[in-house]
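Subject: The structure we talked about

Hello,

Here is the structure I promised to send over. Have a look at it first, and then read on for what turned up.

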Amino acid sequence: MTSEHHDDGDGADGLSERDRAVLAVARAAWPGAGAKERAIRERLGISPTRYYQLLNALLDDPRALAHDPVTVNRLRRLRESRRERG
């Protein structure tokens, strides 16, 4: 596992503030892709591509699973179904 993890601002769960913010964006319901992309840029200050890279790494991080098991498990299932469809 090579998650790019930043130690500044770590909480008791071991996740950085940015890691928790990425999971919060992933957890939210968005009316469309455009709204989610705007929120990624405004709230996180990163590109949607970078967001998805960080999110994908978090899905394999046991700290993320402990922090938000519902979101992480849901996104793991989606990722696996995409992989199966090829």
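Which side chain makes a polar contact with the side chain of Thr-71? The partner is Asp-68, at 3.0 Å; a polar contact here is a pair of N or O atoms within 3.5 Å, where, within protein, one must be able to donate a hydrogen and the other to accept it, and residues adjacent in sequence count only if both atoms are side-chain atoms.

A word on the source: this is a predicted model, in which local features need pLDDT of at least 70 and side-chain atom pairs count only at pLDDT 80 or more, while totals for chains, interfaces and linings use all residues. Residues are numbered from 1 along each chain as its sequence is written, and side-chain values use heavy atoms, with hydrogens and water left out.

The protein has five helices and zero strands (DSSP runs numbered from the N terminus: H or I of at least four residues for helices, E of at least two for strands). Of its 86 residues, 33% are buried, meaning under 20% relative accessible area with a 1.4 Å probe, protein chains only.

Thr-71 sits in helix α5 and is buried, at 3% relative accessible area. Beyond its neighbours within four places in sequence, Thr-71 is in contact (heavy atoms within 4.5 Å) with Leu-23, Ala-26 and Arg-27.

Helix α1 spans residues 17–27, and its buried residues include Leu-23 and Ala-26. Viewed down the axis of α1, the buried residues fall within an arc of 160 degrees, so they line one face of the helix (the arc is taken over directions from the helix axis to the C-beta atoms). These residues pack against α2, α3, α4 and α5.

Best wishes

Definitions and conventions
Buried means under 20% relative accessible area, exposed over 50%, partly exposed in between (1.4 Å probe, protein chains only).
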